[in-house]
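Please keep the sequence and the structure in view while reading.

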Amino acid sequence: MKTSEEQLLVPSSFSSDPGPDPVPLPPQGSPGEKNTDPEGTPPPPDGDGQPGVSPDPITALAESQEPREEDAASLPTPPVAEFSTLGKSSPPIEEQELSEHASPPAEETDLPEMETEEALEGVAEEPTPDGEGDTIWNYSFCQPPQFLSGSWSEFSAQPENFLKGCKWAPDGSCILTNSADNILRIYNLPPELYHDGNQMEYAEMAPVLRMMEGDTIYDYCWYSLMSSAQPDTSYVASSSRENPIHIWDAFTGELRASFRAYNHLDELTAAHSLCFSPDGSQLFCGFNRTVRIFSTSRPGRDCEVRATFAKKQGQSGIISCIAFSPTQPLYACGSYNCSLGLYAREDGTPLALFGGHQGGITHLCFHPDGNRFFSGARKDAELLCWDLRQPGHPLWSLNREVTTNQRIYFDLDPSGQFLVSGGTNGVVSVWDITGSCDDGKPEPVLSFLPQKDCTNGVSLHPSLPLLATASGQRVFPEPTASEDEGEQEADLPLLSLRHSHLECHLQLWWCGRGPDPSCPDDHQGQKGQGGTEGIGDELI
């Protein structure tokens, strides 16, 4: 995948010092480039034409120009739903053609034959070293993150249209959101990141794609080897109530394929959790006491069924979340029965069963080293860290506020140094989990308040220091307070929402260090979009 020649700029208002010089945009991670087997992904839509909208303004220019090999026998795709596609939110990027081997004109070549060959060897041996001129961005939470942009008008058209998490694409080209209106939205990176200007103002983000489900969305995820340079790998999976599992094209928003699961009565049943295998060849789906595995190359109803509870032993309850180890051939399952299970990826053999949460498990995440994984639950204030080398009890715990049944996400940065989590009170907490902790409970290195409403989703960009947060929750009317019940005003309702703070926002935050490698002493809270209060920062 080629590296773009565009310039990525650090937000100018990040610190009081002059902004850093423009630096070349780091190459986006493209795990899909490692996948050379065309049978590992669902078949592309009929026609296989150039997609109308690219979710990545960065890697759209790097799309492979070589003709792709067509499958000998492509499977028929299901009927495709029509969805309106918005225009690109990023300006076109010019690609500069470079010549690696340049020979001098014949009339100007006066050197002997040996010298000419040596000169040509010198030209061939002078390519730019890998990474030279590129800035490797690292997350830094020694100062409050800088608000960049977000989307809030999109979710205010309907009442109580709160978000249900956000997830960056594996290549970092775009971000996927879910909301209460049962619509999946894809946003591109803000185009202002590629513009030169000392006082650049970021406009509100608008989705480039909308994909509507028929009912409440249970879970959604990106294809594990997704790369915008390879359109065949750019798709997302979603599961909704009383509906099959849908595969959506991330370039066009059209329905690519469907996976259907049936119970013992031959009735369609919906998956409560989704997760692609690391190699992208299988889709693991969680059901009641069961994990079903579909081959991504064969949409339909054929699947492998692995029971997690049999003969009154094992992991009972609905499998609510699934995560794969990045280094070992195993996966973890969490259930609403407050249990965690480890299974062998090849045949689903149970390896271990954990218990320690007070509520149903809602999210799992493995550490990049593969030896630890983290779990969070609903109505449970603890994030537990488990060590696979000592699976008997949690290694340590982290405190956050979770007082509802809502799924509150957390995420790890690619290096595995920082863990970020939201909370019901809206506070985003950051922990440094690299150092050892004597008392068993690491303290947050940074806490800030993006908005007053619940922060249910956090996602860390895979290559840039960008933090995405999603907010909102379901609210219920409260009885109206009255000094005298007998003299209640006629126009005053019995139930009211006037004390609730509805803030349904998708927000992007810059978490990179400024030009000065030392952290500044003056930590000033930055203000987000209109109506959002300043950040209540608490540095520890």
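In which sense do strand β9 and strand β10 pair, and over how many bridges? In this predicted model, β9 (residues 235-240) and β10 (residues 245-249) pair in the antiparallel sense, over 4 bridges. The points below place this pair in its sheet and then turn to another sheet and to the cores.

**The sheet containing β9 and β10**
- The strand order in this open sheet of 4 strands is β8-β9-β10-β11, with antiparallel pairing.
- Strands β8 and β11 (255-259) stand at the edges with a single partner strand each, so one side of each has no neighbour in the sheet.
- From one strand to the next, the twist averages 20°.
- Residue Y235 has D249, in β10, as its bridge partner.

- Strand β6 (residues 183-188) pairs with β7 in the antiparallel sense over 4 bridges.
- The bridge partner of I186 in β7 is L209.

**The nonpolar cores**
- The largest nonpolar core contains 34 residues, and those with the most contacts inside it include L176, I186 and W222.
- Strand β8 (residues 217-222) gives the most to this core, with 4 residues.
- A second, separate core has 21 residues, among them L163, L189, C504 and W510.
- Leaving aside residues up to four places away in sequence, L176 touches residues including I186, Y220, W222 and V236.

Technical notes. Residues are numbered from 1 along each chain as its sequence is written. This is a predicted model: local features need pLDDT of at least 70, side-chain atom pairs count only at pLDDT 80 or more; totals for chains, interfaces and linings use all residues. Side-chain values use heavy atoms; hydrogens and water are left out. A nonpolar core is a set of buried Ala, Val, Leu, Ile, Met, Phe, Trp, Tyr and Cys residues joined through side-chain atoms within 4.5 Å. Buried means under 20% relative accessible area, exposed over 50%, partly exposed in between (1.4 Å probe, protein chains only). Helices (H or I, at least four residues) and strands (E, at least two) are DSSP runs, numbered from the N terminus. Contact means heavy atoms within 4.5 Å. Two strands pair if DSSP finds at least two bridges between them. Axes are lines fitted to C-alpha atoms, for helices over the stretch in contact, and angles run from 0 to 180 degrees between N-to-C directions.
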